[in-house]
Amino acid sequence: MKLASLKNGRDGQLVVVSRDLTQANDASDIAPTMQAALDEWDVIAPQLAARYEMLNAGKAESFAFDQSDCESPLPRAYQWLDGSAYLNHVELVRKARGATVPESFYDDPLMYQGASDTFIGPRDAIVAVSESHGIDMEAEITVITDDVPMGVTADEAMNHIKLIMLVNDVSLRGLIPGELAKGFGFVQSKASCAFSPVAVTPDEIETWADGTIDLPLLVDYNGQPFGKANVKTDMTFHMGELVAHAAKTRHLCAGTIIGSGTVSNKFEGGEGKKIEDGGVGYSCIAEIRMIEKIQTGEFITPFMRFGDTVGIEMNDANGQSIFGRIENVVEEYDA
């Protein structure tokens, strides 16, 4: 089934969305918010699924679904953990500065805990203080879990993945080196994220298998194709492994969001290549800059500027959008 949260208060109003994303049904009589549904998922999910089937059959009250009316499916979450499942991305960043990837990175996932109190909507603006902060998009897939017990295996963790989304994990690249140098992780360099309008149960995605999706993640930048990297290709750790990693020493509460990290594909065994040059492009600007640095010794492509727009989407085999479209324009913050 497909679920969304319309803008209404801090935590949104839960709606069931039709498979083709054209119609919605107010589901607040079943659960007022997405988090409320996740808190009692075993009880609530069958009721929502029944409503979903009625909606698709034209037997439920409905109204036109407008993606611009949506919050992120969880407008705020108890926990947002972002991994780095694509080691090609890590390799490029390290290679650009003359460093190698530690062997442990290939067995033990990277993960950080991000801010989850002020997610922005899928069509909201990215508000930034300064272009000098190095504003960048990062296109990823994410999962939402129910309550996950400490110490689960990767296979067990797969059963705790209840919903799948896309995310634009906004990064301020100019602030990252200074923060990492302190040895304590990201705070200022990670702006508020925007998730896809719709969260989808795994059974709705035909190519979901083994903790990944065998489809390209489409990124456009200022109206031009920028990336179409396949989510499954070059994925070092699947989403079940990332959930298990997060739960190694603690329980995860229902509503925990875990990200894949920037989707990144190699090109013919080497660095990526632009779409216009026959490659699959990139899911963030930092990656093309790293390749430029490796190949020419200089960064050429600038980071995002005020007025720039990024779009992120995923289509099924028939060209139908699965999660709806993230579209964010960068705006200057006016205090």
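Biologist: How many nonpolar, polar and charged residues does the lining of the largest pocket have?

Modeller: Rolling a probe the size of a water molecule over the atoms shows where empty space is left. This is a predicted model, in which local features need pLDDT of at least 70, side-chain atom pairs count only at pLDDT 80 or more, and totals for chains, interfaces and linings use all residues. Residues are numbered from 1 along each chain as its sequence is written, and side-chain values use heavy atoms, without hydrogens or water. The lining here has 15 nonpolar, seven polar and 10 charged residues (Ala, Val, Leu, Ile, Met, Phe, Trp, Tyr, Cys and Pro are nonpolar; Asp, Glu, Lys and Arg charged; the others, Gly among them, polar).

Biologist: Which residues are closest to the centre of the largest pocket?

Modeller: A pocket is an open set of points on a 1 Å grid over the protein atoms alone, where a 1.4 Å probe fits, with protein on both sides within 12 Å along at least five of seven lines; lining residues have an atom within 4 Å of a point. The largest pocket holds about 930 Å³ of space. Val93, Arg173, Ile176, Leu180 and Phe186 are the closest to its centre, out of 32 lining residues.

Biologist: What is the volume of the second largest pocket, and which residues line it?

Modeller: Its volume is about 230 Å³. Among its lining residues are Lys2, Arg19, Glu204, Asp316 and Ile322. By class, this lining comprises four nonpolar, three polar and five charged residues.

Biologist: Is Leu6 buried or exposed?

Modeller: Leu6 is buried, because its relative accessibility is 13% (buried means under 20%).

Methods
Points joined across faces, edges and corners; volume = space filled by probe spheres on them. Buried < 20%, exposed > 50% of the residue type's maximum accessible area, 1.4 Å probe, protein only.
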